[in-house]
Amino acid sequence: QGELYFNRSYQPHVTKPFYIWTENKQPNFGAVNFITGMGGFLQIVFHGYFGLRVCLDKIIVNPQLPRKSESMVISGLDFHGNLITMSAGRNQTNIRILRLRKPMELIKKNKVYLIDKIENIQVGSGPFELRPLNW
C-alpha cells in the first residue's frame, strides 16, 4: 500500500514533455520546478525504501524495495569522511568503500566486522549499522 501512496504523491505533478515537477496538478501548475516536492520524493526513496537512518554516530540501513524494483543504488554517500556506495537487491546488500578516512564497524545481528581498508562487502539481507571508530 505504501507504493500506491508513493506513486500518487508525485506522478500527477510530473508534467510532460520535459517531466518538470510542479506544485499543483494540471491544469493549474502552481510553482514550476517544485524543489520541495522533489525533496520529499528523495526522502521516501532514501529513508523509506532504502531504510536509511542517519545519526551522528551511525547509519542504520534496512532496505525494503518496491515490488517492481529489483535493486536500488545510493552512490557518493559521505559519512565521517568515508565515501560509500550501497546497492540493495531483494536478498543482498553490497557496500563499496571508495574512500576510507576513518575505520568503521559494520554491525549485523550482534556481529561486528571491522572496515579498515577500501573494499567491497556483501552484507546479505536485513538491517545493519555502520559506525565510525573514534569519532
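1. Basis. This is a predicted model, in which local features need pLDDT of at least 70, side-chain atom pairs count only at pLDDT 80 or more, and totals for chains, interfaces and linings use all residues. Residues are numbered from 1 along each chain as its sequence is written, and side-chain values use heavy atoms, with hydrogens and water left out.

2. Overall make-up. The protein chain has 2 helices and 11 strands. These are DSSP runs, numbered from the N terminus: helices are H or I with at least four residues, strands are E with at least two. From the N terminus, the order is α-β-β-α-β-β-β-β-β-β-β-β-β.

3. Extent and surface. Along the principal axes, the C-alpha atoms fill a box of roughly 55 × 30 × 20 Å. The chain exposes about 8700 Å², and carbon and sulfur atoms supply 53% of that area. Accessible areas come from the Shrake-Rupley method with a 1.4 Å probe; for residues, only the protein chains shown count as cover.

4. Of the 135 residues, 33% count as buried. Buried means under 20% relative accessible area, exposed over 50%, and partly exposed in between (1.4 Å probe, protein chains only). Among contacts with a separation of 6 or more, 36% come from residues 24 or more positions apart. A contact here means heavy atoms within 4.5 Å.

5. The sheet. An open sheet holds 4 strands, in the order S5-S6-S7-S10, with antiparallel pairing. S5 (71-79) and S10 (120-124) are the edge strands, each pairing on one side only. From one strand to the next, the twist averages 20°. Axes are lines fitted to C-alpha atoms, for helices over the stretch in contact, and angles run from 0 to 180 degrees between N-to-C directions.

6. The S5-S6 pair. S5 and S6 (residues 82-89) pair in the antiparallel sense over 7 bridges. Two strands pair if DSSP finds at least two bridges between them. Phe 79 has Asn 82 in S6 as its bridge partner.

7. Helix H2. H2 (residues 35-49) has 15 residues. From first C-alpha to last, H2 reaches 20 Å, close to the 21 Å expected at 1.5 Å a residue. That expected span is 1.5 Å times one less than the number of residues. After H2 comes Gly 51, with a positive phi near 70°.

8. Ile 35. Ile 35 lies in helix H2. Ile 35 counts as exposed because its relative accessibility is 59%. Trp 21 is 14 residues away along the chain, and the C-alpha atoms of Ile 35 and Trp 21 are separated by 7.8 Å.
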